[in-house]
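I opened the notebook with the model on screen. These are my entries, in the order in which I looked things up.

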Amino acid sequence: MQNPYLPYPVRIDNVTIATEDKSLKTFKFIFLDPNDEKKFAYKAGQFAELSVPGKGEIPIGIASSPTEKGFVMFTVFKVGLVTAYLHNMKAGDIMGIRGPLGNSYPWDLLQGKNIVIIGGGFAFTTLRSSIVYMLDPANRPKFKDIHVIYGARSPGMLLYKDELAEWERRDDINIHMTVDRTDDPNWKYNVGFVPTITEKKAPSASPDTYAIICGPPVMIKFTQPVLEKLGYDHDHIIMSLENRMKCGIGMCGRCNIGKELVCKDGPVFTLSELNRTPREY
Amino acid sequence: MIEYQKKIQNIAERLLNEKKVDVVLGFKKGTIPMMNQPCLVRVPDETQKLVWDSNCGINLTNYLTNRKERIGIIAKGCDTRNIVTHIVENKIKREQLVIIGVPCTGMIDKAKINGLMVNEIAEVSEHNQEITITDSRGATKTIQKKEVLQSNCSICKYKNPVIYDELVADLVPESKDIDRYEDIRKIESMASSEKFKFFEDMLSTCIRCYACRNACPLCYCPTCFVDESKPQWLGKGMDPIDIRTFHFLRAYHCAGRCTDCGSCERACPMDITVRQFTKKLEKDCVELFGWEAGLTLDKRPPLDHYKTNDPQSFIK
Amino acid sequence: MMVVKIDKQKWSSGINQLKSTYDVYGPAKQGKTYEFQKLGSEQLPDLTVQNTTLSPKSIVFPQSEKMFSFHTDENKSGHHILKEMNNQSMPKAVLGIRPCDAKAFQLVKLNFDTCEYKDPYWIRAYESTTLIGLACNNPCSTCFCTSTGCGPFSETGLDVLLMDQGDSFIAKSLTPKGENLLKTATWSDSFDPATAESILKSGKEKAESKIASRVKTDQLASKSIMKIYEAPFWDDVAFSCINCGTCTFSCPTCWCFDIQDETKGCQGIRTRNWDTCMSPLFTLHGSGHNPRGEKTSRVRQRFMHKLKYFLDKYNQGIMCVGCGRCVRLCPVNIDIRQICNMMNSYQPS
């Protein structure tokens, strides 16, 4: 019997500071056994348990894209016991990864559609995975217009800045970066909260347009009415939830919202699905 | 004490009618024998559901912590001592409370009563100081209440409320010349290894449900040390060392504050005599500081302030 | 199916036979309560107790269980890599388990044995356990098993059903596992199956007629989750709750757990421990946000999970077998029977 609690051993290949306040770091992992990388076949929107023997496990969204081979990547916010320890780990250290876990963004459904990605703060990880996945030459033709609205407190708090700049130069994706405020004279993008920028930049609703939102609760709370105003149906608004998790496979009982388990039935739900469940996230 | 019930209902109704309180905290009749349920009454009409008998052993002060409204609380002697402690420790304000004092003749011990009958207990009723037990086959037995008291009640020194605004009956005579620490002296006289074995056996059935802690009005810390993760003081499994540490440390946190209300033991699903720990510290506080918890609003418990003449001979 | 009569004279010799092949568990006095324990060499199960204080779930799902070991010594190979523990033990036989507790394993199985993931610890332990149930001739006043799709003579989840006949037991094997156990114990005095059935039938009727405690569950499925969730009674239901783990730890169907690492020097283990939805810690995010930070939401979670979410998710009835433990042990008398009836009869205005 395969043990779903047993992580794949990995080596930290590279650690980079992701934001100016150093509260986020990006880790690239390489599987010790190359066969494990094949077993770890994932889709954008899934997560994994990062497993630090002696400290515990934490569920983190996968930031690399299935189209990127040879490594998996996670961007981790320093918040608790495991993440604080992880932030002190360095290239070469050995730990574990368990997954991939959860559903993903509904890629079958999204084929042939316009996609609006709306992200805030450090919840941009699985959105980065999605963007890289969609921009892959083999996949780009499968999607129509792609819009990305991404905001952070300040320019230095935006994740994946180099890639954002690169996408910005492309003509097959519309990037709308924004910051809450800045005194940086070189900032040439938007200033304002994500809901405001969404109202200005998001395409209007159509049966062929889906919004994917990831961000802090306050951003989601104020973006939702904006999308409604733009005419988005609740089943065209896709969200990814976070809850405290332990097992990640639907057994330990703590991450449920109603009868749905965020770890196994989620973390991705449409707003119309969430309307039918208690707001316990 | 069942005779108090009507009086309690009347006082509660009057306080709500006169808008002196927003809610009354009391007990309603439970769904199984020897069990009543803490409840909150908000409107005068509902005061009829308030009950009082010898099954009101849960300390209602536990439900006062950080509440904001004006509360009428039905309180036995021990409960009032915990109310005093709560006021001293800023967990509730005196002005918020109308204390409905109950002169108490003790609560009955479920386990003792269960032990008296072969079959399951179907009903327990009381009249004056007599308890009548009926089992599932209809057999009955009548005994004196003092024979089946909770062990803390049988050595209680403060049956009457120490602080109150209303009183449901005349004060009852307090027991004189009680030896509260017979069991503790016995443990103190044990050799270390014997003591270790005693505590080991005592805690061997603990399931770490924390009913003792959570039934205790003193245990109001927002995060208990056992739940702390940064740093994590205790393992979370069933290692006996972790279990002992929990019980010892909790008892220390209650030193000089515990009124021996017995809620902890009453709540324990495994019938562990956790008062053995708290009583030892109670005894130490009496002997070292001449202190009994919850008798006065003017002084703080000995372990939460410092005096230059504090005894220190026990520091080795 | 095989039916045998076990003369009580042969009861202890049979149990001693079993002990060479199985770890034998049965009710026994432990401290001041009765619990299922591994029986010592001459020890017999105490079948005079009705329901043990705690359920026997820990035989399959220990309160604390080692999952993996590891070491963190970078000078040695394999550091920081988890290794599976060898938790294998002898097969287990549980003597005198009550039908409600046996049925509970069937409900818990739905959680641990799914098409996507298999929990190897629970499944291995469950599969190596043989359950020899004792029909309840005298159910407790808090038993409401006949309302939960179970009953004092229910055979669901059992490998053998025993009925106490005074100086003997009638033993009906219900699975090949059960048949093996009877053979191992050399309990082989055959008994006419038709007679056994009629004895069991009348015993069942008699026992069921003694059960006065009932709950209604017929309306639960047809009500929407959100309607019951938003019902006005939850604050009142939760008021007396002190957030201890008594109900969840004593419950045969509660399965929630926590995973923890423990280390000493360079050696470490990953363990799992029972957890309880009554604790605020259960759902606390690292950020401090808590989706079930209020007591009311935690109490509601427990009852919604048992009586509504589970029902909707699996369509296998409620996640309660009516053993009555939480009713008897709750220090503040929160009674699932009352709450179940409230949920069942609730009509949103």
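**Entry 1: a cis proline in chain A**

I began at A:P267, which sits in the loop between β14 (260-261) and β15 (268-270) of chain A. Helices here are DSSP runs of H or I with at least four residues, strands are runs of E with at least two, and both are numbered from the N terminus. A:G266 and A:P267 are joined by a cis peptide bond, with omega at about 5 degrees.

**Ground rules**

I noted that this is a predicted model, in which local features need pLDDT of at least 70, side-chain atom pairs count only at pLDDT 80 or more, and totals for chains, interfaces and linings use all residues. Residues are numbered from 1 along each chain as its sequence is written, chains are lettered from A and ligands numbered from 1 in the order in which they are written, and side-chain values use heavy atoms, with hydrogens and water left out.

I looked for a cis bond in chain B and found one between B:K230 and B:P231, with omega at about 0 degrees. B:P231 belongs to the loop between α7 (211-214) and α8 (240-253) of chain B.

Next I looked at phi. B:N90 is not a glycine, yet its phi is positive, about 60 degrees. I placed B:N90 in the loop between α2 (77-88) and β4 (97-101) of chain B. Is B:N90 buried or exposed? B:N90 counts as exposed, because its relative accessibility is 62%. The cut-offs are under 20% relative accessible area for buried, over 50% for exposed and partly exposed in between, with a 1.4 Å probe and protein chains only.

B:N128 also has a positive phi, near 50 degrees, and is a residue other than glycine. I found B:N128 in the loop between β5 (121-127) and β6 (130-135) of chain B. Its relative accessibility is 44%, so B:N128 counts as partly exposed.

**Entry 2: chain B as a whole**

I counted ten helices and eight strands in chain B. Its radius of gyration is 20 Å, close to the 20 Å of the globule rule for 316 residues, so chain B is as compact as a globular protein of that length. The radius is taken over C-alpha atoms, and the rule is 2.2 Å times the number of residues to the power 0.38. The C-alpha trace spans about 60 × 50 × 45 Å along the principal axes of chain B.

Of the 316 residues in chain B, 54% are buried. I took contact to mean heavy atoms within 4.5 Å. For contacts in chain B between residues at least 6 apart in sequence, 66% join residues at least 24 apart.

Then came the domains, whose bounds come from an automatic or database domain assignment. Chain B is given domain 1 (1-107 + 156-178), domain 2 (110-148) and domain 3 (179-308). Over C-alpha atoms, the centres of domain 1 and domain 2 of chain B are 25 Å apart. Eleven residues from domain 1 of chain B and twelve residues from domain 2 of chain B make the contact.

**Entry 3: chain C as a whole**

Chain C has eleven helices and twelve strands. The radius of gyration is 22 Å, close to the 20 Å that the globule rule gives for 349 residues, so chain C is as compact as a globular protein of that length. Along the principal axes, its C-alpha atoms fill a box of roughly 70 × 65 × 40 Å. I read 60% of the 349 residues in chain C as buried.

**Entry 4: two loop residues in chain C**

I went to C:S240, in the loop between α7 (234-238) and α8 (246-250) of chain C. C:S240 is buried, with a relative accessible area of 1%. Which residues does C:S240 touch, leaving out those up to four places away in sequence? C:S240 touches B:Q37, B:P38, B:Y63, C:K295, C:V332 and C:I334.

My last stop was C:Q50, in the loop between β3 (33-38) and β4 (64-71) of chain C. C:Q50 is buried, at 18% relative accessible area. Not counting residues up to four places away in sequence, C:Q50 touches C:R98, C:C136, C:N138, C:P139 and C:C140. I also checked C:L134, 84 residues from C:Q50 along the chain; the two C-alpha atoms are separated by 9.7 Å.
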